[in-house]
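Please report on the fold shown here.

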Amino acid sequence: LDIPLSFKGAIVTKKKGPHRNQIDLKAAGLAPIANGLRVFSIRHGISEPSTFGRLDALAGKGVIAPEDVDLIRTSFEILMRFRIRSNLEKVRMGLPADNHLDPRTLSRDEQQLLTDALHGASRLRKLVKSHFGLFWMNFFGA
């Protein structure tokens with residue numbers, strides 16, 4: 001699994017290629033959150049199409065603990081904000097939007113916020129693994 005945090009909590013970025021020193025926000029956090037909530041929703045008969053709707057429905061059924069619900073919601077919101085901001089900056093510079101972000105361009109506070117948000121995605125990965133096993137994490141690329 002490509003966990004975007006080291007054991008010390010540092011953000012792990014790509015080591016080579018066109019996105020060297022960048023993190024793919026979609027692959028590292030947004031997709032694992034959305035897909036993890038999809039898996040839980042399927043198991044619990046929830047047909048809500050939106051990520052936040054699924055999270056609310058799962059919370060309402062007591063499937064995910066309230067503290068985890070808050071962490072996952074906040075993590076998803078933060079990652080989306082970083083993704084949108086980064087993509088807008090790239091488009092303004094005439095570059096394609098690609099969901100990648102160089103954490104070195106962030107302030108220390110923003111880097112900590114990003115690290116915390118990635119911890120939320122990691123927490124949901126652990127919940128998926130404990131409830132469904134490793135197969136589902138690999139199947140969805142989480």
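From the N terminus on, the protein chain runs β-α-α-α-β-α-α. That order holds five helices and two strands. Helices (H or I, at least four residues) and strands (E, at least two) are DSSP runs, numbered from the N terminus. The model is predicted: local features need pLDDT of at least 70, side-chain atom pairs count only at pLDDT 80 or more, and totals for chains, interfaces and linings use all residues. Residues are numbered from 1 along each chain as its sequence is written, and side-chain values use heavy atoms, with hydrogens and water left out.

Of the 142 residues of the protein chain, 43% count as buried. Buried means under 20% relative accessible area, exposed means over 50%, and partly exposed lies in between (1.4 Å probe, protein chains only). Contact means heavy atoms within 4.5 Å. Among contacts between residues at least 6 apart in sequence, 62% join residues at least 24 apart.

The table sets out two helices. The expected span is 1.5 Å times one less than the number of residues.

| Helix | Residues in helix | First to last C-alpha | Expected span |
|---|---|---|---|
| Helix 3 | 27 residues | 39 Å | 39 Å |
| Helix 4 | 25 residues | 36 Å | 36 Å |

Helix 3 has a set of buried residues, including Val69, Ile72, Phe76, Leu79 and Phe82. Just after helix 3, Gly94 takes a positive phi of about 80°.

Helix 4 has its own buried residues, among them Leu114, Leu118, Leu124, Leu127, Val128 and Phe132. Gly120, Ser122 and Arg125 of helix 4 are buried too. Just after helix 4 comes Gly133, with a positive phi of about 90°.

**How helix 1 packs**

Helix 1 (residues 25-43) packs against helix 2 (residues 51-60) at an angle of about 45°, and their axes are 10 Å apart. Axes are lines fitted to C-alpha atoms, for helices over the stretch in contact, and angles run from 0 to 180 degrees between N-to-C directions. Helix 1 and helix 2 are therefore oblique to each other. Angles under 35 degrees count as roughly parallel, over 145 as roughly antiparallel, 65 to 115 as roughly perpendicular and the rest as oblique. The crossing of helix 1 past helix 2 is left-handed. A crossing is left-handed if the near helix is turned anticlockwise from the far one by less than a right angle, and right-handed if clockwise.

Which residues meet here? Helix 1 brings Ile33, Ala34, Leu37, Arg38, Phe40 and Ser41, while helix 2 brings Thr51, Arg54, Leu55 and Leu58. The residues of this contact divide into six nonpolar, two polar and two charged. Ala, Val, Leu, Ile, Met, Phe, Trp, Tyr, Cys and Pro count as nonpolar, Asp, Glu, Lys and Arg as charged, and the others, Gly among them, as polar.

Helix 1 also meets helix 3. Their axes come within 10 Å and cross at roughly 140°. That makes helix 1 oblique to helix 3. Helix 1 passes helix 3 in a left-handed crossing. Helix 1 contributes Leu25, Lys26, Gly29, Leu30, Ile33 and Leu37 to the contact, and helix 3 contributes Ile72, Ser75, Phe76, Leu79, Met80, Phe82 and Arg83. These residues divide into nine nonpolar, two polar and two charged.

Asn21 sits in the segment before strand 1 (23-24). The phi of Asn21 is near 65°, a positive value in a residue other than glycine. Asn21 is partly exposed, with a relative accessible area of 22%.

Asn99 lies in the loop between helix 3 (66-92) and strand 2 (100-101). Asn99 has a positive phi of about 70°, although it is not a glycine. Is Asn99 buried or exposed? Asn99 is buried, at a relative accessible area of 14%. Not counting residues up to four places away in sequence, Asn99 touches Ile23, Asp24, Leu25, Lys26, Arg83 and Asn87.

Asp98 is in the loop between helix 3 and strand 2. At 21% relative accessibility, Asp98 counts as partly exposed. Leaving aside neighbours within four places in sequence, Asp98 is in contact with His19, Asn87 and Lys90. The C-alpha atoms of Asp98 and Ser86 are separated by 8.7 Å, and the two residues are twelve apart along the chain.
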